Amino acid sequence: PFVAIGSHIHKPGKTVVTKATASKDGKIAKICDTCKKTISTTTIYKASNLKLSTANYTYNGKVKTPAVTVKNSKGKTLKKNTDYTVSYSKGRKNVGKYAVTVKFKGNYSGTKTLYFTINPKGTKLSSVKSSKTKTATVKWKAQKTQTSGYQIRYSTKSNFKSSKILTVSKNSTVSKTIAKLTKKKTYYFSVRT
């Protein structure tokens, strides 16, 4: 088709694509074959919304492969293998942090890396006993699978604001005595792997 603008009739010719990225819009410009001016411009909205279906897992011995959703800044879902491809870190079974790499293609360029974490199974307190020497002995259930140790958190406030944390560096240890506590104060304790 020919497009008449003023006294000049533009003949669509070359199409120039400036690819969008995750942080910047791109565009598709149609150039007049006769005068080389831009006849029309279409915006390619940036692929700014990338999300994993799950960012945190609990270890169960199975490989984790979270799905990836990619949307542009206008909320339109982009197509996998048309607008982007996805690759995953090797392993993804043991406790740790893993990368998911999104590589853009087609009208998009660049890469974006997302991360997900596999956490060890949790544990729970079995008892807390205080003494007259301003100490408390905390005991918990062992959780040795894919666990390097534990963290004990304690505070005088039930919401654990201004809490203190003690790290236990052996997964076989199941008790800890905490000293220098204040008499006639109520303390709250929690434990995590």
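Asn72 touches Tyr45, Lys46, Ala47, Ser48, Leu78 and Tyr108, leaving aside residues up to four places away in sequence; contact here means heavy atoms within 4.5 Å. You'll find Asn72 in the loop between strand 8 (68-71) and strand 9 (84-88). Strands, by the way, are DSSP runs of E with at least two residues, helices are runs of H or I with at least four, and both are numbered from the N terminus. At 8% relative accessibility, Asn72 counts as buried. That label means under 20% relative accessible area, while exposed means over 50% and partly exposed is in between (1.4 Å probe, protein chains only). The side chain of Asn72 also reaches the backbone nitrogen of Lys74 at 2.9 Å.

Before going on, keep in mind that this is a predicted model: local features need pLDDT of at least 70, side-chain atom pairs count only at pLDDT 80 or more, and totals for chains, interfaces and linings use all residues. Residues are numbered from 1 along each chain as its sequence is written, and side-chain values use heavy atoms, with hydrogens and water left out.

Now step back to the whole chain. Its secondary structure comes to 0 helices and 17 strands. The radius of gyration is 29 Å, well over the 16 Å that the globule rule gives for 193 residues, so the chain is more spread out than a compact globule. (The radius is taken over C-alpha atoms, and the rule is 2.2 Å times the number of residues to the power 0.38.) Taken along the principal axes, the C-alpha atoms fill a box of roughly 100 × 35 × 20 Å. Of the 193 residues, 27% count as buried. Among contacts with a separation of 6 or more, 47% come from residues 24 or more positions apart.

Strand 4 (residues 26-32) pairs with strand 5 in the antiparallel sense over 6 bridges, and Ile31 has Thr38 as its bridge partner in strand 5.

The structure holds 0 disulfides, a disulfide being a pair of cysteine sulfur atoms within 2.5 Å. Cys32 is in no disulfide, and its nearest cysteine sulfur, that of Cys35, is 3.6 Å away. Cys35 is in no disulfide either. How do the two sit? Cys32 counts as buried at 1% relative accessibility, whereas Cys35 counts as partly exposed at 29%.

Strand 14 (residues 150-155) and strand 17 pair in the antiparallel sense over 5 bridges, and Val191 in strand 17 is the bridge partner of Ile152.

How values were computed: Two strands pair if DSSP finds at least two bridges between them. A polar contact is a pair of N or O atoms within 3.5 Å; within protein, one must be able to donate a hydrogen and the other to accept it, and residues adjacent in sequence count only if both atoms are side-chain atoms.
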